[in-house]
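Biologist: I am new to this structure and would like to learn how to read it with some care. Could you take me through it one feature at a time?

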Amino acid sequence: MLAAPTLEPALELTVHVATPIEAGDVVGLNSRGRRRIIPITGGTVSGRINGRVMAGGADFQLVVSATSADLDARYLLQLDDTEWAGAHVFVQNRALRRGSPEDIARLVRGEPVDPAAIYFRCAPTFEVSHPALAWMTESLFIGTGARFPDRVEMRFFRVA
């Protein structure tokens, strides 16, 4: 029998966000929801790497129902670790977020919601600019997150 994979804590992120842009219903071939874009304004990363989330990224959400959204966040980290200071990590984080219609409506209005009431799981991938960070591209990662009015907090785990 094959052993079940284990999860190794890897990163903790706080990603600050601006007011969502409601881009409207998607129409045409393969249409399945409403597009929402959430600008990323900064933040921090800590754990096996340390640094900041740079402004300029965004979360390109497709809201598929009153309870569920397909998330695709893309942003850049700039590291301040002595070993690779100034190195960059590009993050693409695909996620699924769902909750009751009432809790999701509260999130959309910018109101706080207990993170335990929302299912928020993600699968980040990375591009790195320093050879010592290649380990980030050679493993799978999964994570969990919570949305707050001004930020998203996430924990990423390496699947060992």
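Modeller: Two strands pair if DSSP finds at least two bridges between them, where helices (H or I, at least four residues) and strands (E, at least two) are DSSP runs numbered from the N terminus. Here strand E9, residues 141-148, pairs with E10 in the antiparallel sense over eight bridges, and a hairpin joins E9 to E10 through two residues. Within this pairing, Gly143 stands opposite Phe156 in E10.

Biologist: What should I know about the model and its numbering before going on?

Modeller: This is a predicted model, in which local features need pLDDT of at least 70 and side-chain atom pairs count only at pLDDT 80 or more, while totals for chains, interfaces and linings use all residues. Residues are numbered from 1 along each chain as its sequence is written, and side-chain values use heavy atoms, with hydrogens and water left out.

Biologist: Over how many bridges do E1 and E10 pair?

Modeller: E1 and E10 pair over nine bridges, in the antiparallel sense, and Leu7 stands opposite Val159 in E10. In a regular strand the side chains alternate between the two faces of the sheet.

Biologist: How should I read the aromatic pairs?

Modeller: Rings of Phe, Tyr and Trp (its six-membered ring) pair if their centres lie within 6.5 Å, and planes under 30 degrees apart count as stacked, over 60 as edge-to-face and the rest as tilted. A search of the whole structure finds three such pairs. The rings of Trp135 and Phe141 have their centres 6.2 Å apart and their planes at 50°, so this pair is tilted. Phe126, Trp135, Phe141 and Phe156 form one aromatic cluster.

Biologist: Is Trp135 buried or exposed?

Modeller: Buried means under 20% relative accessible area, exposed over 50%, and partly exposed in between (1.4 Å probe, protein chains only). Trp135 counts as buried because its relative accessibility is 17%, and Phe141, at 3%, counts as buried as well.

Biologist: And what is meant by a nonpolar core?

Modeller: A nonpolar core is a set of buried Ala, Val, Leu, Ile, Met, Phe, Trp, Tyr and Cys residues joined through side-chain atoms within 4.5 Å. The largest one has 36 residues, and Leu11, Leu13 and Tyr75 are among those with the most contacts inside it. The largest share of this core, six residues, comes from E6. Taking contact to mean heavy atoms within 4.5 Å, and leaving aside neighbours within four places in sequence, Leu13 is in contact with residues including Tyr75, Leu77 and Phe156.
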